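User: I would like to learn how to read a structural model feature by feature. Please give the general idea each time, then the case at hand.

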Amino acid sequence: MSSGAQVLVVDDELQIVRGLKVVLRKAGFDVQAAATKQEALDAVSVRPPDVMVLDLVLPDGSGVEVCEEVRRWSDMPILVLSAVGDEREKVRALDAGADDYITKPFGSEELTARLRALLRRSADGATTPVIEIGDLKVDLAGHTVERSGEEVHLTPIEFDLLQVLARHQGKLVTHKQLLQEVWGPGYQDELHYLRVHVAHIRAKLEPDPSRPRYLVTDPGVGYRLREPS
């Protein structure tokens with residue numbers, strides 16, 4: 001999937017850009033770079049890449065602002081690079097439209113794997129009526145869920161939560177995004193709602209709810225529904 005895919009790396013640290021170019025080109029990507037918010041927005045408008053790798057701290061703005069601008073006209077996948085200590089900015093970037101994040105320092109294999117996953121999901125689109133994840137089958141149109149061929153009963157709110165996570169399969173979905181999409185504005189601080197219903201979903205779908213394989217937690221940030229490792 002990475003063969004020939006165009007990646008725009010947005011970072012003002014020359015050494016990181018050089019390293020990313022080596023890693024990504026070796027993995028088969030075509031790499032371009034931008035060092036500022038304005039250069040990034042210009043590059044996206046002139047020659048839209050297939051995916052963006054975006055640092056949060058830029059000389060003339062922030063990665064959050066880049067996400068907000070790009071999301072006004074593009075669904076292009078965005079992978080955020082976050083330094084340790086940028087937790088709040090990282091969450092803001094995800095809420096602004098970033099698809100995933102990696103914390104610096106990061107491994108080259110993890111980076112390329114995340115990018116390939118984003119590109120696959122982008123190609124598949126978000127309108128697939130049936131989503132299969134391991135032994136789970138989520139029928140978005142029929143509002144049904146099966147595990148290993150057996151139907152599992154979820155309450156309407158549980159299904160709505162699972163549906164949001166399934167539509168973003170593999171991606172991190174923040175607490176705020178889940179609360180807004182399922183309960184609506186005004187509930188963004190009601191984390192106990194999420195914890196209770198996520199526990200109920202795990203009890204119904206996970207072989208061992210105390211060690212979840214499908215619905216995993218990114219501590220302090222949100223949840224993701226993924227293929228079991």
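This is a predicted model: local features need pLDDT of at least 70, side-chain atom pairs count only at pLDDT 80 or more; totals for chains, interfaces and linings use all residues.

User: How do I read strand pairing, and which strands does β6 pair with?

Analyst: Strands of a sheet pair through backbone hydrogen bonds, either parallel or antiparallel. Strands (E, at least two residues) and helices (H or I, at least four) are DSSP runs numbered from the N terminus. Two strands pair if DSSP finds at least two bridges between them. Here β6 (residues 78–83) pairs in the parallel sense with β3 (residues 51–55) over 4 bridges. Leucine 54 is opposite valine 80 of β6. β6 also runs parallel to β7 (residues 100–104), with 5 bridges joining them. In that pairing, leucine 79 faces aspartate 100 of β7.

User: Is β6 mostly covered or mostly exposed?

Analyst: Mostly covered: 5 of the 6 residues in β6 are buried. Buried means under 20% relative accessible area, exposed means over 50%, and partly exposed lies in between (1.4 Å probe, protein chains only). A helix residue gives another example. Alanine 93, in helix α4 (residues 87–95), counts as buried because its relative accessibility is 0%. The C-alpha atoms of alanine 93 and valine 80 are 7.7 Å apart, although the two residues are 13 apart in sequence. Contact means heavy atoms within 4.5 Å. Setting aside neighbours within four places in sequence, alanine 93 is in contact with Leu56, Val64, Cys67, Val80 and Ala98.

User: What is a nonpolar core, and which residues touch the most other members of the largest one?

Analyst: A nonpolar core is a set of buried Ala, Val, Leu, Ile, Met, Phe, Trp, Tyr and Cys residues joined through side-chain atoms within 4.5 Å. The largest core has 27 residues, and Leu162, Leu178 and Leu225 touch the most other members. Elements that each supply at least two residues include α6 (156–167), α7 (175–182), α8 (191–205) and β14 (222–225). Of these, α6 gives the most, with 6 residues. A second, separate core has 24 residues, among them Ala40, Val44, Cys67 and Ala96.

User: How is the packing of two helices described, and at what angle do α7 and α8 cross?

Analyst: Axes are lines fitted to C-alpha atoms, for helices over the stretch in contact, and angles run from 0 to 180 degrees between N-to-C directions. The axes of α7 and α8 come within 10 Å and cross at roughly 85°. The two helices are therefore roughly perpendicular, a label for angles of 65 to 115 degrees. His175, Leu178 and Leu179 of α7 make the contact with Leu191, Tyr193 and Leu194 of α8.

User: Which polar contacts does the side chain of aspartate 218 make?

Analyst: A polar contact is a pair of N or O atoms within 3.5 Å; within protein, one must be able to donate a hydrogen and the other to accept it, and residues adjacent in sequence count only if both atoms are side-chain atoms. The aspartate 218 side chain makes such contacts with the side chains of tyrosine 101 (3.3 Å) and arginine 224 (3.2 Å). Aspartate 218 sits in strand β13 (residues 215–218) and is buried, at 11% relative accessible area.

User: Where does β13 sit in its sheet?

Analyst: The sheet is open, with 3 strands in the order β12-β14-β13 and antiparallel pairing. β13 is an edge strand, as is β12 (173–174), and each pairs on one side only. β12 and β14 are joined over 2 bridges, and valine 173 has tyrosine 223 of β14 as its bridge partner.

Definitions and conventions:
Residues are numbered from 1 along each chain as its sequence is written. Side-chain values use heavy atoms; hydrogens and water are left out. Angles under 35 degrees count as roughly parallel, over 145 as roughly antiparallel, 65 to 115 as roughly perpendicular and the rest as oblique.
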